Amino acid sequence: MNNLKSGFGLGNLWGIDLGGTKIEGLILRSADDPEVLFRDRVPTQADKGYKHIIGQVEKLVNMMADAAGSKAGRIGFATPGILDPKLGIMKNCNTVAMNGQPMKADLEAQLGIQIEIANDADCFALAEAQFGVVKQQFPEAGVVFGVILGTGVGGGIVVNSKAIFGLQGIAGEWGHNYLDESGGPCYCGKSGCVEKVISGPALEQYYFKESGDKKTLKEIAALAESNSDPAATKTIARLVDFFGKALSVVINILDPDVVVIGGGVGNVDVIYKAGMDSLRRNVFNNRLDTPVVRPLLGDSAGVYGAAFLVN
Ligand SMILES: [Zn+2]
């Protein structure tokens, strides 16, 4: 394939976001000049199994190599799960075909390219730190906590532009910190996890129990705003209270320079108003200086973060 776009060569950053429905590839010119040189996707077709997923990745990498004229030496990968640093296998993926598989070793063998793998919350934090809202509004920030607050709850820590994975690969995974028994049992085997209290589905379930009606969190937030539905008001008060309690634990330990909140629950305005008052009440300090901001990159954060893994 002929591609006349200039800029391909050493210093390019190659990233792949390996999602449950699509696999997206991105080539950036460089970290300092992150012009997009290539961006395309293939379907994951996860129902066809793990070997098929690896084959789809290979297809995408060949498309990237055709565009660039040669293969990269390293590629960063965002995945829905975690690469266990000790065992070398994937864990905690909601694309369950990947769990228990030595994905890094298999990809390296298949592609002949060095692979860096991180979970999508780590990549979200890295992308917002290196390219998104933190880079634009808080360029001096050294420690960034990126939160995914949506269907699930996850998080990633970036220190001096590098993602921190931890001894067991679970650094930043605040979604399964204990928060409140009322959350009930979690798929992870524990109960009362942050994810069981303030994820979108957990709040929608709480509203359903209170009202007998099924509504989306967006609808519940609008009803609470207009003060017309006591169950909605109670649900949003629960979000506000427990958002502050859950995030205060992270701030007490890490004291980040900025917190970025992605995911559907992060679009609920009340988090940035009453939610901040709740956070202020719960941190171990007499004031709260920590900026808590919305992301800039949206769904693109995964693939950008993957590319910045090899910076
Ligand atoms: Zn859990």
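Along the chain, the donors of the zinc ion are spaced in the pattern H-x9-C-x1-C-x4-C. In this predicted model, the protein donors are His 176, through its ND1 atom, and the SG atoms of Cys 186, Cys 188 and Cys 193, and they lie 2.0 to 2.3 Å from the zinc ion. The arrangement is tetrahedral because the four donor atoms subtend angles of 106 to 115° around the metal. For comparison, the ideal angle for four tetrahedral donors is 109.5 degrees.

Turning to the helices, α8 covers residues 230–254, which makes 25 residues. From its first C-alpha to its last, α8 reaches 36 Å, close to the 36 Å expected at 1.5 Å a residue. At the start of this helix, a side-chain oxygen of Asp 229 comes to within 3.0 Å of the backbone nitrogen of Ala 231. After α8 comes Asp 255, which has a positive phi, near 45°.

Five strands form an open sheet with mixed pairing, in the order β10-β9-β8-β11-β12. Strands β10 (162–164) and β12 (292–293) stand at the edges with a single partner strand each, so one side of each has no neighbour in the sheet. Further in, strand β8 (residues 143–149) runs parallel to strand β11 (residues 258–262), and five bridges join the two.

Definitions and conventions
Residues numbered from 1 in each chain as written. Predicted model: local features only at pLDDT ≥ 70, side-chain atom pairs only at ≥ 80, totals over all residues. Heavy atoms only, no water. Donors = N, O, S within 2.8 Å, 3.2 Å for Na, K, Ca; no water. Tetrahedral: all angles 85-135°; square planar, octahedral: opposite > 155°, others 65-115°. Helix = DSSP H or I, 4+ residues; strand = E, 2+ residues; numbered from the N terminus. Expected span 1.5 Å × (residues − 1). Polar contact = N/O pair within 3.5 Å; in protein donor to acceptor, adjacent residues only side chain to side chain. Pairing = 2+ DSSP bridges.
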